[in-house]
Amino acid sequence: LIIPLGDWVIREACKQLNAWASQGLGHLTIAVNVSVQQFAREEFVESVLGALWHYKVKPQQLELEITESLLMRNVDDTTACMKRFRAAGVALSIDDFGTGYSSLGYLRQFSVDALKIDRSFVKDLHTKEDDAAICAAIIAMARELKLKVIAEGVETAEQLEFLRRHRCDQVQGFLISRPVPAA
């Protein structure tokens with residue numbers, strides 16, 4: 001069911017972006033997690049671009065989050081798919097960065113816009129030196145590669161202060177807000 005569910009999620013995200021734009025909030029973006037099964041389909045790019053067109057959403061308003069494990073499945077096909085999304089203007093980010101087994105060399109090959117630091121590193125960064133060092137290193141690496149960096153799972157002011165100090169671009173987590181309805 002992941003394929004029809006994933007298609008539905010992308011259509012609903014585009015529908016919501018359209019609704020927000022009609023309310024004067026056209027500058028908002030939505031990030032959608034994409035499953036390996038979705039990304040592997042030949043028609044996936046056309047499906048996403050069709051949803052954007054149908055709901056009159058700018059491609060830059062949609063960000064697709066993919067995991068490191070997805071990147072490593074079929075490198076040639078994944079790279080080709082990612083290039084098509086980038087050419088269309090759809091943003092791509094690597095979700096849960098640092099938890100997979102990909103080579104850092106692949107960051108040069110894959111066309112991504114952002115790295116999302118996994119919450120497992122953020123959780124104890126103010127109490128565990130190793131987690132703090134990993135977060136700082138990911139942020140520094142992302143900056144040098146001119147990638148946006150987003151920290152997941154921010155729940156405390158200490159975590160936020162650390163991330164601000166290291167110039168993390170964005171954060172998400174319960175400190176900012178619990179999930180809320182679209183309205």
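**Entry 1: Terms and model**

A crossing of two helices is left-handed if the near helix is turned anticlockwise from the far one by less than a right angle, and right-handed if it is turned clockwise. I noted that this is a predicted model, in which local features need pLDDT of at least 70 and side-chain atom pairs count only at pLDDT 80 or more, while totals for chains, interfaces and linings use all residues. Residues are numbered from 1 along each chain as its sequence is written, and side-chain values use heavy atoms, with hydrogens and water left out.

I took helices (H or I, at least four residues) and strands (E, at least two) as DSSP runs, numbered from the N terminus. I looked up α3 and α5 and found that α3 passes α5 in a right-handed crossing. Their axes come within 10 Å and cross at roughly 20 degrees. That makes α3 roughly parallel to α5. For such axes, lines are fitted to C-alpha atoms, for helices over the stretch in contact, and angles run from 0 to 180 degrees between N-to-C directions. Angles under 35 degrees count as roughly parallel, over 145 as roughly antiparallel, 65 to 115 as roughly perpendicular and the rest as oblique.

I then turned to α1 and α3, whose axes come within 9 Å and cross at roughly 25 degrees. This makes α1 roughly parallel to α3. The crossing of α1 and α3 is right-handed.

**Entry 2: Salt bridges**

How many salt bridges does a search of the whole structure find? I recorded 10 salt bridges, each being a side-chain nitrogen of Lys or Arg within 4 Å of a carboxyl oxygen of Asp or Glu. For burial I used these limits: buried is under 20% relative accessible area, exposed is over 50%, and partly exposed is in between (1.4 Å probe, protein chains only).

I examined Arg84 and Glu46, which form a salt bridge with the closest N and O atoms 2.2 Å apart. Arg84 lies in helix α5 (residues 75-88) and Glu46 in helix α3, so this pair ties together parts 38 residues apart in sequence. Arg84 is partly exposed at 39% relative accessible area, and Glu46 is partly exposed at 41%.

Next I checked Lys116 and Glu65, whose side chains meet in a salt bridge at 2.6 Å, N to O. Lys116 belongs to strand β4 (residues 114-117) and Glu65 to strand β2 (residues 62-67), so the pair ties together parts 51 residues apart in sequence. Are Lys116 and Glu65 buried or exposed? I found both Lys116 and Glu65 buried.

I also looked up Arg41 and Asp7, which form a salt bridge at 3.1 Å, N to O. The pair links distant parts of the chain, 34 residues apart: Arg41 is in the loop between α2 (36-40) and α3 (44-54), and Asp7 is in helix α1 (residues 2-22). Arg41 and Asp7 are both buried. Salt bridges that share partners join Asp7, Arg41 and Glu43 into one network.

**Entry 3: Further residues of α1**

I located Trp8 in helix α1 and noted that Trp8 is partly exposed at 44% relative accessibility. Ala19 also lies in helix α1 and is partly exposed at 25% relative accessibility. I noted that the C-alpha atoms of Ala19 and Tyr55 are separated by 9.0 Å, although the two residues are 36 residues apart along the chain.
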